[in-house]
Amino acid sequence: MAKKNTSPDQLISTIIAGIEDVKGKEITILDLREIENTVCDYFVVCEGTSNTQVNAIVNSIQKKVSKEHKDNPWHIEGNDNAEWVLMDYVNIVVHVFQKHIREYYDIESLWGDAKTTVIETSY
């Protein structure tokens with residue numbers, strides 16, 4: 001679980017930096033705090049272009065969060081096929097998709113009531 005002195009904003013910033021380090025695409029933050037009965041406060045959603053890039057994004061996030069916050073995900077799912085990897089940091093859940101899987105499940109529409117922030121990247 002997250003260390004108590006790490007704010008959600010700090011953790012999200014570190015997660016985004018980890019995504020950007022390996023050129024993850026289409027980064028979106030969904031703020032779920034105003035929605036009743038959610039399992040966490042935030043979703044961070046992004047995509048990679050291949051299994052290799054999805055795995056690189058996941059590894060980059062893990063290394064960066066571990067180094068900067070001494071924190072590890074509570075749970076990770078989907079590493080085997082690397083089409084959709086879910087990283088659970090308790091109050092923040094990271095979804096790393098391949099493009100076609102992201103389009104199919106369309107998480108942003110499922111959570112349409114969430115406040116959405118799109119992160120602009122320079123690559």
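# Reading contacts in a predicted model

Student: What should I keep in mind about the model itself?

Tutor: The model is predicted, so local features need pLDDT of at least 70 and side-chain atom pairs pLDDT 80 or more, while totals for chains, interfaces and linings use all residues. Residues are numbered from 1 along each chain as its sequence is written, and side-chain values use heavy atoms, without hydrogens and water.

Student: Which residue meets R33 in a salt bridge?

Tutor: A salt bridge is a side-chain nitrogen of Lys or Arg within 4 Å of a carboxyl oxygen of Asp or Glu. Here D31 is the partner, at 2.6 Å from N to O. D31 is buried, because its relative accessible area is 13%. The whole structure holds six salt bridges.

Student: Where in the chain are E47 and R102?

Tutor: Helices (H or I, at least four residues) and strands (E, at least two) are DSSP runs, numbered from the N terminus. The side chains of E47 and R102 form a salt bridge of 3.3 Å, N to O. This pair links distant parts of the chain, with E47 in strand β2 and R102 in helix α3, 55 residues apart. Both E47 and R102 are buried.

Student: How is a pair of aromatic rings described?

Tutor: By the distance of the centres and the angle of the planes. Rings of Phe, Tyr and Trp (its six-membered ring) pair if their centres lie within 6.5 Å; planes under 30 degrees apart are stacked, over 60 edge-to-face and the rest tilted. There are four aromatic pairs in the whole structure. The ring centres of Y104 and Y105 are 4.9 Å apart and the planes stand at 85°, so this pair is edge-to-face. Y104 is exposed at 65% relative accessible area, and Y105 is partly exposed at 39%. Together with W84 and F97, Y104 and Y105 form one aromatic cluster.

Student: Which residues of the largest nonpolar core touch the most other members?

Tutor: A nonpolar core is a set of buried Ala, Val, Leu, Ile, Met, Phe, Trp, Tyr and Cys residues joined through side-chain atoms within 4.5 Å. In the largest one, with 22 residues, they are I15, V44, I61 and Y89. At least two core residues come from each of α1 (8-21), β1 (25-31), β2 (42-48), α2 (51-69), β4 (84-88) and β5 (92-98). A second, separate core has 10 residues, including V45, V93, I101 and A114.

Student: What does T6 contact, leaving aside its neighbours within four places in sequence?

Tutor: Contact means heavy atoms within 4.5 Å. T6, in the segment before α1, is in contact with L11 and H69 beyond those neighbours. T6 is buried, with a relative accessible area of 13%.

Student: Where is D106, and what is its phi?

Tutor: D106 lies in the loop between α3 (99-105) and α4 (107-110). Its phi is positive, about 45°, although D106 is not a glycine. At 31% relative accessibility, D106 is partly exposed.

Definitions and conventions. Buried means under 20% relative accessible area, exposed over 50%, partly exposed in between (1.4 Å probe, protein chains only).
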